[in-house]
Amino acid sequence: MEAALLTMNAALLTIVAATFVAVLGSIYEQRREGTKTRDKLDETNGALQELTSRTTVLEASHQHLLQDFAEHRRITEKNHNEVTGSLADARERLARIEGHLGIGLPPPNATES
């Protein structure tokens, strides 16, 4: 009976020791994976901060380009209006000169006859 009890205690002790070793192994593995995860998160946060700063610079550049484009458009429209007005004046003067000299384009119907 004592031998059976001793064998049962040894088996129980073996099961408890195996469970203890398994728990310690699991704790060690979880800690190791946690460290890897923390390192990856730190790396990702650094990359995110860099992207955020680049985005800020790009947004500022974009705003500057929009302002430059608006200024360019305003100047282009002003120049276009000046050229159009100048061309109208030149046409009017040319028509007066042609009228004074008695020259000009013949009427469209006169070329057909």
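View 1. Arg32 is partly exposed, with a relative accessible area of 35%; here buried means under 20% relative accessible area, exposed over 50%, and partly exposed in between (1.4 Å probe, protein chains only). Glu29 and Arg32 form a salt bridge, with 2.9 Å between the closest N and O atoms; the term stands for a side-chain nitrogen of Lys or Arg within 4 Å of a carboxyl oxygen of Asp or Glu. Because Glu29 and Arg32 are three residues apart in helix H1, about one helical turn separates them. Helices (H or I, at least four residues) and strands (E, at least two) are DSSP runs, numbered from the N terminus.

This is a predicted model, in which local features need pLDDT of at least 70 and side-chain atom pairs count only at pLDDT 80 or more, while totals for chains, interfaces and linings use all residues. Residues are numbered from 1 along each chain as its sequence is written, and side-chain values use heavy atoms, with hydrogens and water left out.

**View 2. Glu77 and Arg73 meet in a salt bridge.** The N to O distance for this pair is 3.6 Å. Glu77 and Arg73 are four residues apart in helix H1, so about one helical turn lies between them. Glu77 is partly exposed at 45% relative accessibility, and Arg73 is partly exposed at 49%.

**View 3. Lys78 pairs with Glu82.** In this salt bridge the closest N and O atoms are 3.5 Å apart. Again the spacing is four residues in helix H1, which means about one helical turn between Lys78 and Glu82. Lys78 has a relative accessible area of 46%, and Glu82 has 45%.

**View 4. A nonpolar patch around Ile27.** Phe20, Val21, Val23, Leu24 and Ile27 make up this surface patch, with about 480 Å² of accessible area together. Such patches are made of residues with over 30% relative accessible area and no salt bridge, with like charges joined within 9 Å and nonpolar side chains (Val, Leu, Ile, Met, Phe, Trp, Tyr) within 5 Å. Areas come from the Shrake-Rupley method with a 1.4 Å probe; for residues, only the protein chains shown count as cover. Ile27 lies in helix H1, which runs over residues 2–101, and counts as partly exposed at 48% relative accessibility.
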